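Please read the briefing below alongside the sequence and the model.

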Amino acid sequence: MPLEQVLGVGVSIPGQVGPDGRASVFASNWNWRDVPLRDMLAERIPLPVHLDNPLRASTVAELWFGAARDRENVAVLTLGTGVGAGLAIRGTVYHGATNTAGEWGHTNLVIDGRQCRRGCVGCVEAYVGAPGIMHQLEEIAPDSPLLRPDDQTATINALAAALAAGDPVAEQVIAATGRYLGIAIANMVNLFNPQIIVLTGWVADSVGGHLIRHARATAERYALEEPWEGTEIALCAIDRNPVSLGAATLVMEGFLSAATTNGRR
Ligand SMILES: [Zn+2]
């Protein structure tokens with residue numbers, strides 16, 4: 001494709017991205033703190049560069065192409081190794097004061113509970129992220145052949161296959177995880193009153209159908225009746241990578257908003 005037909009470049013980076021395009025990444029083998037990534041990319045790419053994290057990229061994808069189309073108030077919950085939320089208010093992604101809104105994964109679920117990757121104790125991520133689910137499996141059946149100690153993807157895939165075969169240990173693990181997820185969803189419903197909550201991320205892709213069943217039953221008990229009745233809960237149905245699609249859509253949004261601003265002048 002000729003360069004003049006490309007509107008820009010969208011990048012999604014796991015971690016926190018400041019309004020100035022500085023990125024901090026909290027993955028174990030990346031030691032990025034306050035890296036001026038947008039400026040570094042802009043120096044080498046002669047096109048507008050749009051940068052944000054996967055929570056917001058997948059929220060934009062759901063708003064444009066997914067289950068949140070035509071919805072105003074939306075929470076997109078990412079379940080993967082990390083856990084977080086992308087929030088949209090009146091159809092627009094909510095960034096917060098310093099672009100860190102949506103750290104729902106690090107809100108507390110269990111006082112003095114398990115520790116997460118980021119070092120906080122008892123947060124949602126430590127119970128419903130992939131390492132949390134592995135921890136749950138280890139507690140329920142320490143010798144389970146489903147547990148692949150150094151491989152999160154293999155363990156979650158083994159759980160998904162075992163669930164399909166009706167395995168009682170896998171069912172117990174997902175029931176326990178679904179309860180934690182249900183409480184965290186109820187907190188989100190009470191606080192934010194969304195029309196729709198979409199579950200996305202690789203853990204949701206693999207075991208989301210089973211998790212959602214247990215989470216719904218628990219959330220219904222813990223959420224207040226009025227906001228709960230107005231909330232739909234759905235799994236991501238975008239058949240491509242929603243984070244990449246969302247990163248590309250950030251470019252579209254940037255182009256349209258620049259065109260609108262120029263038109264007004
Ligand atoms: Zn945490």
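This is a predicted model: local features need pLDDT of at least 70, side-chain atom pairs count only at pLDDT 80 or more; totals for chains, interfaces and linings use all residues.

Residues are numbered from 1 along each chain as its sequence is written, and side-chain values use heavy atoms, with hydrogens and water left out.

**Zinc site**

- His106 (ND1), Cys116 (SG), Cys120 (SG) and Cys123 (SG) coordinate the zinc ion at 2.1 to 2.3 Å, where donors are N, O and S atoms within 2.8 Å of the metal (3.2 Å for Na, K and Ca), and sites may look incomplete because water is not among the atoms.
- The arrangement is tetrahedral because the four donor atoms subtend angles of 99 to 118 degrees around the zinc ion, the criterion for four donors being that all angles lie between 85 and 135 degrees.
- For comparison, the ideal angle for four tetrahedral donors is 109.5 degrees.
- Along the chain, the donors of the zinc ion follow the spacing H-x9-C-x3-C-x2-C.
- Histidine 106 and cysteine 123 are 17 residues apart, and each sits in the loop between strand 8 and helix 3 (125-128); helices (H or I, at least four residues) and strands (E, at least two) are DSSP runs numbered from the N terminus.
- Histidine 106 counts as partly exposed, at 21% relative accessibility, whereas cysteine 123, at 1%, counts as buried (buried is under 20% relative accessible area, exposed over 50%, partly exposed in between, with a 1.4 Å probe and protein chains only).

**Largest pocket**

- The largest pocket holds about 850 Å³ of space; a pocket is an open set of points on a 1 Å grid over the protein atoms alone, where a 1.4 Å probe fits, with protein on both sides within 12 Å along at least five of seven lines, and lining residues have an atom within 4 Å of a point.
- Its lining numbers 33 residues, of which Pro14, Pro54, Thr81, Gly82 and Arg117 are the closest to the centre.
- Helix 2 gives the largest share of this lining, three residues.

**Second largest pocket**

- The second largest pocket has a volume of about 350 Å³.
- Among its 19 lining residues, Leu51, Asp52, His95, Leu250 and Glu253 are the closest to the centre.
- Strand 5 (49-52), helix 2, strand 8 (92-93) and helix 9 each supply at least two residues of this lining, and the largest share, four residues, comes from strand 5.

Conventions
Grid points are joined across faces, edges and corners, and a volume is the space filled by probe spheres set on the points. Four donors count as tetrahedral if all angles lie between 85 and 135 degrees; four count as square planar and six as octahedral if opposite donors are over 155 degrees apart and all others between 65 and 115; anything else is irregular.
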